[in-house]
Amino acid sequence: MLVVRSIRSAGPVSRMLVQRQTRLASTSGGPSSLLLIEHQGGKIDAGTLSALTAASQMGGEVTGLVVGTSEEVKVVLDSAKKLKGLTKVLHSSSPLYGEPLAEQLTPLLQEILKSNAFTHLLASHSTTAKSLLPRLAATLDLPAISDITSVKNDSDGSTTFERPIYAGNAISTVKAPSTIPLKIFTVRGTAFDKAGLDGSPVEDSAVNPVDVPDVPTQHLKTSLTQSDRPDLGVANKVVSGGRALKSAEIFSATLHPLADVLGAAVGASRAAVDAGYADNSLQVGQTGKIVAPELYVALGISGAIQHLAGMKDSKLIVAVNKDPDAPIFQVADVGLVADLFEAVPQMVEKLKK
């Protein structure tokens, strides 16, 4: 099923951006994209690398933006300047930017857009971007497109996107016409390869921070789940468990040995998370994380449509379930109808050999 949608034209608030886009088209002959470079602990997020690949596919120039405290920016900037596909890096540092709150970053982006003729603004489909970009789009009276899996810049100045809808059961083709001066969108990380980190260094330029008095939102704390296993969102192998694992203790005792021997990340279905078997940071699915590893092992997961939306793009899907009619077998490359409490220990034993 193919859904075709057309986005409305720009409103009066964004007419100044139309003029800048026209000037850009006459000088560069291609798009000019601004990429939000997200980072954590001094490392650039994997989703940003995929978003950079998406931006590079459109052609033209791609400028990166690094925001954070002065210490964070100093650490990340060297890596950002070497990202393959970037032509320039902007950076802005302030204690205000220690936590990426949309209310604090929106004024900064507004100032950057006023002084630069960008035609596209993009970021990975992260928690930060899902908060920031729609807010910015609203202030500019522009549409925002989320979670795109394909992008093409057309010769007439329009841009055509594809994005999944209805839990991934249909693909919507969205065309943003040339009358929209700035196309704002987020990128599904699993749909694009990651850009390289070993490019030639590009020039960088500092941008003055924008003071935001009386910020209505305050960051209280950040709680991170510590694990020695690979990060679920970017892991090449994932072992996930469902409601059939009965308790948090059984979930850990069953999944962790298999994940350890495979060097895999651990995931869970929503049913397992809601039952308290696993932390919500491990949830895979429409309302959790979208993953596309080389190997996805589903243990005791029935295969609800919401879960399939988060993992059906995996390269090799292995399912173990004692119900032969479980929906998970419809998408599995390898299926085993068996009691997982008997099958998994045998798998671990075989893999150790």
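The legends below describe close-up views of a predicted model.

**View A. Second largest pocket of the predicted model.** The volume of this pocket is about 450 Å³. Its lining comprises 25 residues, of which G242, R243, G300, I301 and S302 are the closest to the pocket centre.

**View B. Make-up of the lining of the second largest pocket.** Sorted by class, 12 lining residues are polar, 8 are nonpolar and 5 are charged. At least two residues of the lining come from each of helix 7 (270-274), helix 8 (305-311) and helix 9 (340-352).

**View C. Strand 10 and its burial.** Strand 10 spans residues 159-165 and is mostly covered, with 5 of its 7 residues buried. Strand 10 is joined to strand 9 and also to strand 11.

**View D. Pairing of strand 9 with strand 10.** Opposite V151 stands F161 of strand 10. The hairpin formed by these strands has 5 residues between them, and in this hairpin G157 adopts a positive phi near 95°.

**View E. Pairing of strand 10 with strand 11.** Strand 11 covers residues 170-176; strand 10 and strand 11 are antiparallel and are joined by 7 bridges. E162 has T173 of strand 11 as its bridge partner. Between the two strands of this hairpin lie 4 residues, and Y166 in the hairpin has a positive phi near 50°.

Definitions and conventions:
Residues numbered from 1 in each chain as written. Predicted model: local features only at pLDDT ≥ 70, side-chain atom pairs only at ≥ 80, totals over all residues. Heavy atoms only, no water. 1 Å grid on protein atoms, 1.4 Å probe; cavity = no way out; pocket = protein on both sides within 12 Å on 5 of 7 lines; lining within 4 Å. Points joined across faces, edges and corners; volume = space filled by probe spheres on them. Nonpolar A, V, L, I, M, F, W, Y, C, P; charged D, E, K, R; others polar. Buried < 20%, exposed > 50% of the residue type's maximum accessible area, 1.4 Å probe, protein only. Pairing = 2+ DSSP bridges.
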